[in-house]
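Visitor: I would like to go through a structure with you. Please tell me what lies behind each label.

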Amino acid sequence: MSKRGTLLVLSGPSGVGKSTVLRKVMAGREDMAFSVSATTRAPRPGEEEGVDYFFVTRERFDEMVADGELLEHAEFVGNCYGTPRSQVEKRLESGITVVLDIEVQGASQVKALMPEALTVFLAPPSLEALEQRLRGRGTETEEKIRSRLETARRELLLAPTYDFTVVNDDADRAASELAEILENWDNDPDESPEE
Ligand code: ADP
Ligand code: 5GP
């Protein structure tokens, strides 16, 4: 039987660059799989059903929660998000590293359920840089940008509760640091994180 895969949980404020950094870390890695979440949020241009998210109605989301289909779930700036169990368990068993891009409430639920998970917080170099990136992406209304920035201030306070924090100053550099953290964790998962 193959060694159980690592569960990598990546959190960080909206617009910090989680998707960007993950794309770089996961490129060409057949031993890593992205966990596709369910969400009630509307798709952004270019987002694909079943690739970026499973886009569901609020009724369907509530049904998934009631049926125990989700490993964790949370509300974020007016929408519901959750991790389908089907994205996680079987892959871990077959030795695949499963990557969760989830917000802080979900991450703490996962760490409580699966303490062996590797949790990493991706932080912006500054709040100004975060705002520029969120605006630069051009996907949110002004109201949503403000709510996401307000939420970011609270999320940043939780960075010390993660195993590691990586600053996304330069996306290539941050991706290399994350890949190195993952490799060290896989080689020696019992080693306690750096301070
Ligand atoms: P998230 O998934 O955390 O919400 P994205 O990956 O969508 O964030 O990135 C938000 C925006 O910031 C995108 O336009 C992306 O190209 C840009 N971005 C990501 N990383 C960096 C970086 N290190 N420096 C500058 N811009 C970045
Ligand atoms: P976005 O709407 O920008 O794609 O995501 C908003 C936030 O929801 C991000 O912080 C993202 O990490 C988080 N998120 C995405 N999927 C999930 C999920 O399944 N569970 C939780 N708890 N958060 C999620």
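Guide: What follows takes the labels one by one.

Guide: This is a predicted model: local features need pLDDT of at least 70, side-chain atom pairs count only at pLDDT 80 or more, and totals for chains, interfaces and linings use all residues. Residues are numbered from 1 along each chain as its sequence is written, chains are lettered from A and ligands numbered from 1 in the order in which they are written, and side-chain values use heavy atoms, leaving out hydrogens and water.

Visitor: Why is D163 called buried?

Guide: Buried means under 20% relative accessible area, exposed over 50%, and partly exposed in between (1.4 Å probe, protein chains only). D163 has 15% relative accessibility, so D163 counts as buried. K111, at 24%, counts as partly exposed.

Visitor: What makes D163 and K111 a salt bridge?

Guide: The term requires a side-chain nitrogen of Lys or Arg within 4 Å of a carboxyl oxygen of Asp or Glu. The side chains of D163 and K111 meet at 2.9 Å, N to O. D163 sits in the loop between α6 and β9, K111 in helix α4, 52 residues apart.

Visitor: How many salt bridges does the structure hold?

Guide: There are 17. One of them joins D172 and K24, at 3.0 Å, N to O. D172 lies in helix α7 (171–187) and K24 in helix α1 (18–26), so the pair ties together parts 148 residues apart in sequence. D172 counts as partly exposed at 48%, and K24 at 38%.

Visitor: What is α4, and which of its residues are buried?

Guide: Helices (H or I, at least four residues) and strands (E, at least two) are DSSP runs, numbered from the N terminus. Helix α4 covers residues 104–113, and V104, G106, A107 and V110 are buried there. They cover an arc of only 155 degrees around the axis, which puts them on the same side of α4. That arc is taken from the directions from the helix axis to the C-beta atoms. The face turned away from the buried side carries the exposed residues A112 and L113.

Visitor: What makes β2 and β9 edge strands?

Guide: Two strands pair if DSSP finds at least two bridges between them. Five strands form an open sheet, ordered β2-β7-β1-β8-β9, with parallel pairing. β2 (32–34) and β9 (164–167) each have a single partner strand, so one side of each is left without a neighbour in the sheet.

Visitor: How do you know that β2 and β7 pair?

Guide: Three bridges join β2 to β7. Pairing takes at least two, so these strands qualify. In β7, V99 is the bridge partner of F34.
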